[in-house]
Amino acid sequence: MLGAIGVVFGDIGTSPLYALKESFIGPHPLAVDRLHIFGVLSLIFWSLMLIVTVKYVFVAMRAHNRGEGGSFALLALVSRHFGAGRWNAALVILGVLAASMFYGDAMLTPAISVLSAVEGLTVVEASLQPLVLPIAVVIMVALFLIQSRGTARVGALFGPIVLIYFATLATLGVVNIADHPEILGIVNPYWAFEFFLYDTRLAFLAMGSVFLAVTGAETLYADMGHFGRKAVGLSWLTIAYPCLMLNYMGQGALLLGTPAAVENPFYLMAPEWARLPLVLIATAATIIASQAVISGAFSVTHQAIQLGFLPRLRTLHTSEKAAGQIYIPAINWSLLAMVLVLVLGFGESTRLASAYGISVIGTMLITTLMLAFLLFKVWRWNKWLATMTIGLFLLVDGTYFASNITKIPDGGWFPLVVAAILFTVLTTWSKGRRLMRERLDEGAIPLPVFIESAAMSAHRVRNTAVFMSASPDGVPSALLHNLKHNQVLHERVLILTVQVADEPYVEAGRRVDVHDAGRGFYRVILHYGFMEDVDVPRDLAKLTRIGAPFDLMTASFFLGRQKLVASTRTPGMALWRERLFAWMSKSSESAMESFRIPTNRVVELGSQVQI
């Protein structure tokens, strides 16, 4: 639970820094009076109850793929039951779209969280305003610079720091509630309905800012695999949710007595002597929240690579013990660049708040649609219960989505543009790989035919040759090229295919499949889960059914490297997408590095493929 508090709740835990403030002084300002204070807080209370508690803790977190949560895990879980039909294609599009929107969130969370925390300095001393942006930029750069060191060393501190932060939230809330105990009445949904009845249009527009209180809810589901469903659920119900609501009610109590405090109610709740320490605690919490989102971006990228939606990228392991702690330099520096563009471009958290939210609610809405497939088709709930459950989720998510759309002109366009670009990249790579496999399969020779025609006449040399093959059928082009140019075959030929399953982990007993094709040829398939790392030498060393023990130091690995040429050949993609795919393929990490094959055991054979 302590670990979950440190990692999972950093994002949603920092929402009190800006959520209530933006609801009143954001793009659609509200009067700071009893009706609006009670109405907004009632919306926050019931939004956290319905979206986080009911939807994520009680329903979505039951939809785990062998303990793993998140968009790709849910996609793999649901699509497993649909085969290759049109429903599966629709689910894949939804899953990829959710992942694309997540990256927009990963850029905006560090920017708005750290900036809003550092802006507390202006409450301590107004003359410090010119220092806010430089300090925020230094913190961002430092945060991304330390990613390569890994979070193992500082991770142990996350839980206690965020626990202190949540205790501070609750304490500040209780102290202010004592002055206006009537604020506890916001738990009555009457106030939310009264707010809508008084001014429906303004209440609807205000929901775009109210939603900021819920951002981070998706993290509960995505990070479930690290800590387990029970730890995440219990820590939300017993610590995070009560502390958050006490703080929101404390801010509301402050506004009842001092409406002018709306400029920054979070910091003005504290007495003057405590504001600088509060800035430090809040900044530490926002750094941890940002760290969780950055780690999440690495994890999502790793899953996308394993599932075939992104090319292989250089991935470093920052912990010898925790396999999930990884660092992907290309993603790290791309995120830093975009975060700095956001911070310097928007300049203040109030303007950033307009861009924040739309990508998060988009991901939540997609999760609801995928849960609908799960409840009706996989779990086969009672139709009335499933309809009422999904109907409630769609009503809440749909209303928030519609309200957030109004923020598009004020900055909401940014995460949508990011999502559209990434969706194009993910789908282009996935379709390009499929087209390339089809082109290679067109000239493929069945293995039995090749063995009978070539193995009989070719000269055989000592030791083992391993030919990598994307397809478990046919003869890889590297084997054909090797025979054509070198005119020899090794005494043992392994045709190796690496397959990634639609589940996070594969048991050791299912890791290796070996088929003896005769005359010293073996078809070997290595199976991995999408959360696992591929290590070909380690797993080949366990082979026993290939005539002799596998010896890495006498084996040669033959890899095919295709030069891709864009063409107007059909079926295919638009020419610009084919060129994008060719560039991505050229820029990707080689199979040698990705599969951990020693460089001195590799021979690469090139060929040209039109797509």
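Which residue in strand 4 is the bridge partner of valine 461? The points below come to the answer.

1. This is a predicted model, in which local features need pLDDT of at least 70 and side-chain atom pairs count only at pLDDT 80 or more, while totals for chains, interfaces and linings use all residues. Residues are numbered from 1 along each chain as its sequence is written, and side-chain values use heavy atoms, with hydrogens and water left out.

2. Six strands form an open sheet with mixed pairing, in the order 5-6-4-3-7-8; strands (E, at least two residues) and helices (H or I, at least four) are DSSP runs numbered from the N terminus, and two strands pair if DSSP finds at least two bridges between them. Strand 5 (512-518) and strand 8 (602-610) are the edge strands, each pairing on one side only.

3. Strand 3 (residues 459-468) pairs with strand 4 (residues 488-500) in the parallel sense over eight bridges, and within strand 4 the bridge partner of valine 461 is histidine 490.

4. Helix 5 (residues 71-79) packs with helix 6 (residues 86-118) at an angle of about 175 degrees, their axes being 9 Å apart; axes are lines fitted to C-alpha atoms, for helices over the stretch in contact, and angles run from 0 to 180 degrees between N-to-C directions. The two helices are therefore roughly antiparallel to each other, a label for angles over 145 degrees.

5. The contact (heavy atoms within 4.5 Å) involves residues including Phe72 and Leu75 of helix 5 and Leu91 and Val92 of helix 6.

Definitions and conventions
Parallel < 35°, antiparallel > 145°, perpendicular 65-115°, else oblique.
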